[in-house]
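Let's sit down with this model and learn to read a few of its features together. Have the sequence and the 3D view open as we go.

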Amino acid sequence: MLDPGVAIATSALMSFVLLGLLGSLLRSGKAGIAEWFGANLAVVLALPMILLRGTIPDSVSVVVANVLLALGGAAYYAGCARFLGRRPYWPILLAGVTAVGVAVIYWRYAVDSIPMRVFSTTLFSAAFCTALAWMLVRHAPAGRPTYPYRVTAVIALTFGACQLARGTYFLTLDTASTPSMFATAGSVLLLVIAAAIMPILSMSAMLMVHDALLADAHDAANRDFLTGALSRQGFEALARRYVDRVQMQARPLSLLVLDLDHFKRINDTLGHAGGDTVLRAFVQMAQAQLRPTDALGRIGGEEFALLLPETDLDGAMQLAERLRKAAAGQTVTIGAQVCRYSLSGGVAAWLHGESFDRLSARADHALYDAKHQGRNRICAAHVAQAA
């Protein structure tokens, strides 16, 4: 039979190792890592106290150790909440930790009952694991693989069920309340599982951080570093996926190509830093008027493209006109100078069977018409141009 001390010592060692690994991730800036670090630190401090039970006062090995373990669970939950952009609700979490402390003190000093102490702490663990699983499933980041979050939720639910089983098992023991209760086969098995909770959940947390860092890297590779709009590569990849989708669904889709008029004059007058400021101002203005499903990309120096799903030609023309008027009315302050600029644009609505390249060519042709007609205007691509 496995010695309970071996399981606890192994868990403490794993938590210590994960403490170092999580510490290395603190500089990533991801929310929640500090709380996960604190959760493992609490476990690293608590488990040696449990191992020393009988050689140090029960106030430390029983009360302080169990409160630290409960605090570790609360910190882990708070870390997941912050990682997912949720409020951690620390007052509620600390109320639960306090309840564990009160219960342990009562069932040690008012009424000495190991089964009730175990049941009180495992009930808290089961509640923490269940709430954690619910949050991970409900608030997993949109647009990312759900695998890391669902795996962590399943692990949490499994541990929660085992903790509840452990507490219930102790209530069924019809023996004197002595430390020998921890040496039964069922107790040792459930203790091994309980000791693995924080190390395994911490590894799952690192899996979620890894997924987030990969998503950030992918996003950075597809973003224009200056303006925050999609890069040409990112925009075209997204646009081609949308065109493939509408080929099957026959849904409306429009493309708007925009160019800042006489941008070379802006650079010559204000310098490249001033021109960069104008580009950023335009992107901020445009993004404020777009829907979450619309995509804005920078496809050239001062040329941008807008992909508009579920939008026909009339709708795209209306949006393009709003952007043109907003640009004409926008003033950009650069040092002591004020810059005004205008836009020219070409709009094309997707035609059945049309490729993205052909759609883009028609929008570019319409942009050329807008420039040829005097700039600061929007032109629509004609169906005849699709031939």
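**Reading a buried threonine**

A: Let's start with a side chain: that of threonine 227 makes a polar contact with the side chain of aspartate 224, at 2.6 Å. Before going on, note that this is a predicted model, where local features need pLDDT of at least 70 and side-chain atom pairs count only at pLDDT 80 or more, while totals for chains, interfaces and linings use all residues. Residues are numbered from 1 along each chain as its sequence is written, and side-chain values use heavy atoms, with hydrogens and water left out.

Q: What is a polar contact?

A: A polar contact is a pair of N or O atoms within 3.5 Å; within protein, one must be able to donate a hydrogen and the other to accept it, and residues adjacent in sequence count only if both atoms are side-chain atoms. A polar atom of the threonine 227 side chain also lies 3.2 Å from the backbone nitrogen of alanine 229.

Q: Is threonine 227 buried or exposed?

A: Buried means under 20% relative accessible area, exposed over 50%, and partly exposed in between (1.4 Å probe, protein chains only). Threonine 227 has 11% relative accessibility, so it counts as buried. You'll find threonine 227 in the loop between helix 8 and helix 9 (232-249); helices here are DSSP runs (H or I, at least four residues), strands are too (E, at least two), and both are numbered from the N terminus. Leaving out residues up to four places away in sequence, threonine 227 touches Leu279, Arg280, Val283, Arg298 and Phe304, where contact means heavy atoms within 4.5 Å.

Q: Which class does phenylalanine 16 fall into, buried or exposed?

A: Phenylalanine 16, in helix 1 (residues 4-25), counts as exposed because its relative accessibility is 52%.

Q: How do helix 6 and helix 8 pack?

A: Axes are lines fitted to C-alpha atoms, for helices over the stretch in contact, and angles run from 0 to 180 degrees between N-to-C directions. Helix 6 (residues 147-172) and helix 8 (residues 197-221) pack at about 170°, with axes 9 Å apart. That makes helix 6 roughly antiparallel to helix 8; angles under 35 degrees count as roughly parallel, over 145 as roughly antiparallel, 65 to 115 as roughly perpendicular and the rest as oblique.

Q: Which residue classes make up the contact of helix 6 with helix 8?

A: That contact has 11 nonpolar, three polar and one charged residues. Here Ala, Val, Leu, Ile, Met, Phe, Trp, Tyr, Cys and Pro count as nonpolar, Asp, Glu, Lys and Arg as charged, and the others, Gly among them, as polar.

Q: At what angle do helix 2 and helix 8 pack?

A: Helix 2 (residues 33-51) packs against helix 8 at about 165°, with their axes 11 Å apart, which means helix 2 is roughly antiparallel to helix 8. Their contact has eight nonpolar, two polar and no charged residues. Ile33, Trp36, Ala39, Asn40 and Val43 of helix 2 meet Met198, Ser202, Ala205, Met208 and Val209 of helix 8.

Q: Where should I look for positive phi values, such as that of histidine 262?

A: Most residues other than glycine have a negative phi. Histidine 262 has a phi near 50° and lies in the loop between strand 1 (253-260) and helix 10 (263-289). Asparagine 376 also has a phi near 50°, in the loop between helix 12 (356-372) and strand 7 (378-380).
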